[in-house]
Amino acid sequence: MSTTLLEPGQEAGRNYLNADYSIRSWLLTTDHKRIAILYLVSITFLFVVGGASAGLMRLNLMTPQGALTSAETYNKLFTMHGLIMIFFFLIPSIPAVLGNFLVPMMIGARDVAFPRLNLLSWYLFIAGSLLAMVSALTGGVDTGWTFYTPYSTTYSNSYVVMMAVGVFIAGFSSILTGMNFIVTIHTMRAPGLTWFRLPLFLWSLYATSAIFILGTPVLAISILLLGLERIFGVGIFDPKLGGDPLLFQHLFWFYSHPAVYVMILPGMGVISEVIPCFARKRIFGYNFVAFSSVAIALIGFLVWGHHMFVSGQSVYAGMVFSFLSFLVAVPSAIKVFNWTATLYKGAITYHTPMLYAFGFLGLFTIGGLTGLFLATLAVDVHVHDTYFVIAHFHYIMVGGAMMAYLGAIHFWWPKISGRLYPDAWARLSAVVIFLGFNLTFFPQFILGYLGMPRRYHAYPPEFQVLHVMSTAGSSILGVGYLIPLVYLLWSLRYGRAAGPNPWGAKGLEWQTPSPPPTENFERTPVVTEEAYAYTGEEASVDA
Amino acid sequence: MVSSLPLFPERASTIGADVDHLYFFLLAVSAVFAALIFASVFYLAIRYRRRPANLRAEQVPGSLTLELTWSLVPLGLMMVMFFWGADLYFRLARPPDGAAEIYVVAKQWMWKLQHPEGPREINELHVPIGRPIRLIMASEDVIHSFYVPAFRTKQDVVPGRYTSVWFQATKAGRYRLFCSQYCGASHAQMTGWVHVMQPADYENWLSGGATGESMPAAGERLFQRLGCGTCHRPDGTGRGPSLEGVLGKPVLLQGGAKVLADEAYVRESVFNPDARIVAGYQAVMPTFQGQITEEGLLQIIAYLKSLQRGAQP
């Protein structure tokens with residue numbers, strides 16, 4: 001299947017990037033590595049759009065009466081920020097960019113199981129994001145990313161259907177990617193690569209793929225029903241038509257809560273790769289870290305009702321969902337403790353990916369602990385739909401998932417591009433991002449407990465100081481995000497050649513040249529040892 | 001005034017202190033765990049940094065004891081949080097007997113409130129200290145949410161059904177009321193004030209502001225105008241059951257099931273009469289969908305309640 005030998009005549013230095021320079025060779029590629037690059041470029045653009053809308057929101061909140069935009073514009077900005085960042089950036093980020101690049105490389109395969117389906121995923125993603133962008137540019141959507149009914153079906157005068165169709169189409173891209181990863185990991189592992197020798201990144205991507213396949217169809221169904229009611233007036237959610245608005249919330253969160261784990265699980269996988277490498281240690285408690293990913297994916301499907309504690313659902317339902325939400329916190333705690341324990345007796349270096357991993361540990365811990373406040377019924381009643389919730393999920397999704405994504409980009413950039421980036425700049429930007437992030441979002445916890453509701457374009461004057469702090473932080477965060485964009489592009493041309501394994505890391509992807517040849521491996525590798533088989537005596541990091 | 005940095009919200013309800021105590025417990029547990037994790041990461045990262053004296057990592061085997069410890073200890077603490085939070089949540093959901101009722105109708109983008117004694121308010125709510133107040137809430141359009149941070153309580157107001165929330169104010173003053181469920185363009189303007197008054201002041205305010213008729217009186221007029229009394233005769237001889245003294249009591253349905261005749265049941269019976277029919281009666285009632293406003297229906301409910309208490313309006 002993937003016994004790939006280089007042809008005798010093939011010249012050295014041939015790799016997946018320089019194999020063919022034509023536009024056509026990129027747009028019609030079935031090489032998983034090139035598809036990863038296509039995703040990288042697309043989601044970077046979408047991140048800039050989503051980030052710019054957040055920047056405008058924060059500027060507007062400088063003054064209590066709303067400094068910049070009208071209420072309508074503000075409502076469209078937060079809707080666009082949420083939709084783009086969740087559906088068109090975070091959900092595809094680590095799976096579609098790094099997952100695509102690494103799944104075959106980490107298991108010693110030549111490509112994913114269904115390379116053409118993989119390309120179709122990207123085209124679906126692009127079609128979905130184009131519709132979303134057109135909807136945003138021609139008038140925007142003002143429903144919030146949650147599309148709550150009956151506002152979205154009956155009352156909103158914005159381009160709801162076009163945006164919803166965009167999300168619907170992008171959802172199929174997730175389903176295909178998930179299916180591809182599951183089949184690839186099942187059937188294409190190199191000889192000797194047993195399940196318990198798999199890198200933990202793959203365990204987490206496997207769990208993520210399961211959520212893609214089981215959860216995304218429910219999102220598609222919810223959107224379909226939403227469209228039926230909005231276009232044809234079929235009464236499903238609007239009580240005036242005989243529907244039930246809470247039904248939508250149940251359907252929506254049945255997908256969208258597991259989607260939170262879609263965003264964080266791959267990040268956890270990245271951290272499980274980075275910490276052992278820079279501590280030169282086998283990961284502590286491999287089995288516990290692996291199975292906690294599976295546990296999160298499973299229990300994550302049963303906690304959706306914790307978004308509805310004040311919605312009018314039964315108090316007994318609330319109780320069950322609260323209990324299950326506490327249960328799902330345990331596997332996350334297990335991971336944090338095992339990562340920390342991995343540092344024990346290590347030989348630790350502080351290269352950029354490791355700094356991001358440290359940042360992840362701190363921010364994810366705060367995000368996780370504040371999640372307990374929201375799982376606690378009576379406290380959630382007070383802080384639900386306030387800035388406390390905003391702060392909490394940004395600690396998970398930006399402090400957690402985004403830090404992990406940047407950590408992953410910095411960790412595998414030498415493999416992807418074949419070049420080293422300037423480490424000093426990279427460390428500086430990691431620190432700037434960490435500080436800017438905390439200044440942006442920590443004040444929002446305080447705002448939330450004070451009672452500041454979310455999605456307010458104007459607010460009472462007593463909240464201003466904390467809002468100004470948050471806005472100041474967001475400008476620092478914005479600068480922090482720009483620096484890597486500059487030096488990573490710079491490194492493509494001027495960076496030092498990386499060599500196959502600049503970090504002295506374990507894992508099959510490091511046993512092949514950087515950038516890898518189109519076939520990934522000259523011959524199919526044979527695995528004889530566990531993942532992270534660091535002996536502690538590896539040469540120092542060479543970057 | 002803008003330069004002050006607020007850290008903790010005002011508190012003006014009986015349940016507020018309980019919520020805050022639970023919050024402090026959560027803060028304390030979180031602070032201990034965060035400190036533990038941060039200190040360990042910092043200590044280990046510095047102690048085991050790669051340097052000439054520590055060039056070589058030493059592999060350590062896993063430990064089942066450790067894994068169980070750091071799974072079960074957090075789980076135990078979380079169960080404390082769960083039961084404490086659930087207990088308080090149940091208390092938040094159950095108004096004490098004898099709570100005074102005030103009726104709320106939310107719409108884009110205002111709060112309309114009516115006291116049974118008659119006074120109507122918009123975006124302002126006057127309540128007395130020391131008396132449990134139960135709000136019965138309906139929405140005319142989309143989902144809204146009634147949120148008074150100083151009371152630490154919040155409840156979505158969902159179209160097509162009644163939701164309710166209760167509180168007992170403890171401190172006279174003026175507290176912010178927010179709509180906390182996004183409801184469209186002017187969501188941020190759907191705010192108001194709750195005025196908590198001394199009982200005597202409240203009585204003065206009630207009598208001073210009561211220019212209109214009481215809710216039961218308005219409800220009775222509506223009851224007559226819509227012809228409800230033609231069938232729902234007080235003596236039970238009509239085509240529909242007598243409604244006197246029915247509210248809050250269990251009723252026997254066709255098929256033998258029982259239902260508590262609460263506000264939700266009255267609402268359902270008005271808009272969808274065939275859904276649950278009282279035993280011994282036929283499905284002859286037409287729907288009143290579109291013929292009665294949310295406020296009108298609440299007035300009728302207030303009227304039916306007044307019948308039950310035997311206090312004719």
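This is a predicted model: local features need pLDDT of at least 70, side-chain atom pairs count only at pLDDT 80 or more; totals for chains, interfaces and linings use all residues.

Analyst: A:Leu28 sits in the loop between α1 (23-27) and α2 (32-60) of chain A. In sequence, A:Leu28 and A:Arg116 are 88 residues apart. In space, their C-alpha atoms are 9.1 Å apart.

Now step back to the whole of chain A. Chain A has 15 helices and zero strands. Its C-alpha trace spans about 70 × 50 × 45 Å along the principal axes. The radius of gyration of chain A is 23 Å, which agrees with a compact globule, because 543 residues packed that way would have a value near 24 Å. Of those 543 residues, 62% count as buried. Take the contacts in chain A between residues at least 6 apart in sequence: 84% of them join residues at least 24 apart.

Next comes the contact with chain B. Chain A gives 77 residues to this contact and chain B gives 73. On the chain B side, the elements that give two or more residues are α1 (14-47), α2 (64-93), β6 (144-148), β7 (153-157) and β9 (173-179). The largest share, 16 residues, comes from α2(B). The chain B side that touches chain A has 44 nonpolar, 18 polar and eleven charged residues.

Look closely at α2(B). This helix has 30 residues. From first C-alpha to last, α2(B) reaches 42 Å, close to the 44 Å expected at 1.5 Å a residue. Several of its residues are buried, among them B:Trp70, B:Met78, B:Phe82 and B:Tyr89. What do the buried residues of α2(B) pack against? In chain A they meet α10 (315-342), α11 (352-375) and α12 (377-383). In chain B they pack against α1 and β7.

Five strands of chain B form an open sheet in the order β4-β10-β9-β6-β7, with mixed pairing. The edge strands are β4 (124-128) and β7 of chain B, and each pairs on one side only. From one strand to the next, the twist averages 20 degrees. β6(B) and β7(B) run antiparallel and are joined by five bridges. One example: B:Ser145 has B:Asp156, in β7(B), as its bridge partner.

Key: Residues are numbered from 1 along each chain as its sequence is written. Chains are lettered from A and ligands numbered from 1 in the order in which they are written. Two residues are in contact if their C-beta atoms, placed from the backbone, lie within 7 Å. Helices (H or I, at least four residues) and strands (E, at least two) are DSSP runs, numbered from the N terminus. Ala, Val, Leu, Ile, Met, Phe, Trp, Tyr, Cys and Pro count as nonpolar, Asp, Glu, Lys and Arg as charged, and the others, Gly among them, as polar. The radius of gyration is taken over C-alpha atoms; the globule rule is 2.2 Å times the number of residues to the power 0.38. A residue is buried if 20 or more other C-beta atoms lie within 10 Å of its own, exposed if 12 or fewer, and partly exposed in between; C-beta atoms are placed from the backbone. The expected span of a helix is 1.5 Å times one less than its number of residues. Two strands pair if DSSP finds at least two bridges between them. Axes are lines fitted to C-alpha atoms, for helices over the stretch in contact, and angles run from 0 to 180 degrees between N-to-C directions.
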